[in-house]
Amino acid sequence: MRPDFRERSEERNEFDERVIDIARVAKVVKGGRRFSFRVTVVAGDNRGNVGLGMGKARGVPDAIKKATERARRNMQSVPLAGTTIPHEVVAKHGGASVMLKPASPGTGVIAGGAVRAVLEAAGVRDILTKSLGSANVLNVANATLHGLRSIKLLEEEAAARGKSPADLKPFWERKRHG
């Protein structure tokens, strides 16, 4: 075995890669329909980096390979506040709309399907979500990713509003007086 191959396999194992959706799609040509498979994959390092990839091929394994490579290439960092997100956000993509709301520690990931896969790959452990509108898996996953990317850091948002970061912390983290 070559040493560079071993390094590459170790790098490959550190990512959390999940196949979200496998759909059979058809292209209509002169002779009839040509079927292929569209695979949606989410990849993350469980520490705030997540990416989404879509791959299309005549065979499922080839489509999964393409989608996984694209998901790794499209990885972006997501600001997290401990095990949750700093603030509530609503994001849209196509007909799908996703609401993400921070939750107190111990709540878990209250989400289903594509939303859960994207959030867990990003490293979010406590969050409340609601998927509204279209249930198209690809659009829901993209909406979740848009929501995570639109999150602002607590310090930046506090500076923009002219407040202290302590004023913007979630209610369970604020110190009670009296």
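Me: Two strands pair if DSSP finds at least two bridges between them. In this predicted model, which residue in S4 stands opposite asparagine 49?

Reply: The model is predicted, and its local features need pLDDT of at least 70. S3 and S4 pair in the antiparallel sense over two bridges, and at least two are required for a pair. In S4, the residue opposite asparagine 49 is serine 77.

Me: In what order do the four strands of the open sheet stand?

Reply: The pairing in this sheet is antiparallel. S1 and strand S4 (76-77) are at the edges and have a single partner strand each, so one side of each is left without a neighbour in the sheet. The order is S1-S2-S3-S4.

Me: How many bridges join S1 to S2?

Reply: Strand S1 covers residues 16-29 and strand S2 residues 32-44, and the two run antiparallel. They form a hairpin with two residues between them. Valine 29 is placed opposite glycine 32 of S2. The number of bridges joining S1 to S2 is 13.

Me: How far apart in space are phenylalanine 35 and arginine 58, C-alpha to C-alpha?

Reply: Phenylalanine 35 belongs to strand S2. Neighbours within four places in sequence aside, its contacts are Arg24, Val25, Ala26 and Arg58. Phenylalanine 35 and arginine 58 are 23 residues apart in sequence, and their C-alpha to C-alpha distance is 6.9 Å.

Me: Is phenylalanine 35 buried, exposed or partly exposed?

Reply: Buried means under 20% relative accessible area and exposed means over 50%. The relative accessible area of phenylalanine 35 is 33%. The residue is therefore partly exposed.

Me: Which side chain of opposite charge is nearest to aspartate 45?

Reply: Aspartate 45 sits in the loop between S2 and strand S3 (49-57), and it is buried yet has no salt bridge. A salt bridge needs a side-chain nitrogen of Lys or Arg within 4 Å of a carboxyl oxygen, whereas the nearest side chain of opposite charge is 4.1 Å away. That side chain belongs to arginine 47.

Me: With which side chain does the side chain of aspartate 45 make a polar contact?

Reply: A polar atom of the aspartate 45 side chain lies 2.9 Å from the backbone nitrogen of arginine 47. Not counting residues up to four places away in sequence, aspartate 45 touches Glu14, Phe15, Met75 and Ala121. Its side chain makes a polar contact, at 2.9 Å, with the side chain of asparagine 49.

Me: What is the phi of asparagine 46?

Reply: Asparagine 46 is in the loop between S2 and S3, and its relative accessible area of 32% makes it partly exposed. Most residues other than glycine have a negative phi. Asparagine 46 has a positive value, near 60 degrees.

Me: What arc around the axis of H5 do its buried residues cover?

Reply: Leu154, Glu157 and Ala158 are buried in helix H5 (residues 154-161). They lie on the same side of H5, because the arc they cover is only 100 degrees. The face turned away from that buried side carries the exposed residues Glu155, Glu156, Ala159 and Ala160.

Me: What share of the residues in the protein is buried?

Reply: The protein has five helices and eight strands, in the pattern α-β-β-β-α-β-β-β-β-α-β-α-α along the sequence. Of the contacts with a separation of 6 or more, 54% join residues 24 or more positions apart. Among the 178 residues, the buried share is 38%.

Notes: Residues are numbered from 1 along each chain as its sequence is written. This is a predicted model: local features need pLDDT of at least 70, side-chain atom pairs count only at pLDDT 80 or more; totals for chains, interfaces and linings use all residues. Side-chain values use heavy atoms; hydrogens and water are left out. Buried means under 20% relative accessible area, exposed over 50%, partly exposed in between (1.4 Å probe, protein chains only). Contact means heavy atoms within 4.5 Å. The arc is that of the directions from the helix axis to the C-beta atoms. Lys and Arg count as positive and Asp and Glu as negative; His and the chain ends are not counted. A polar contact is a pair of N or O atoms within 3.5 Å; within protein, one must be able to donate a hydrogen and the other to accept it, and residues adjacent in sequence count only if both atoms are side-chain atoms.
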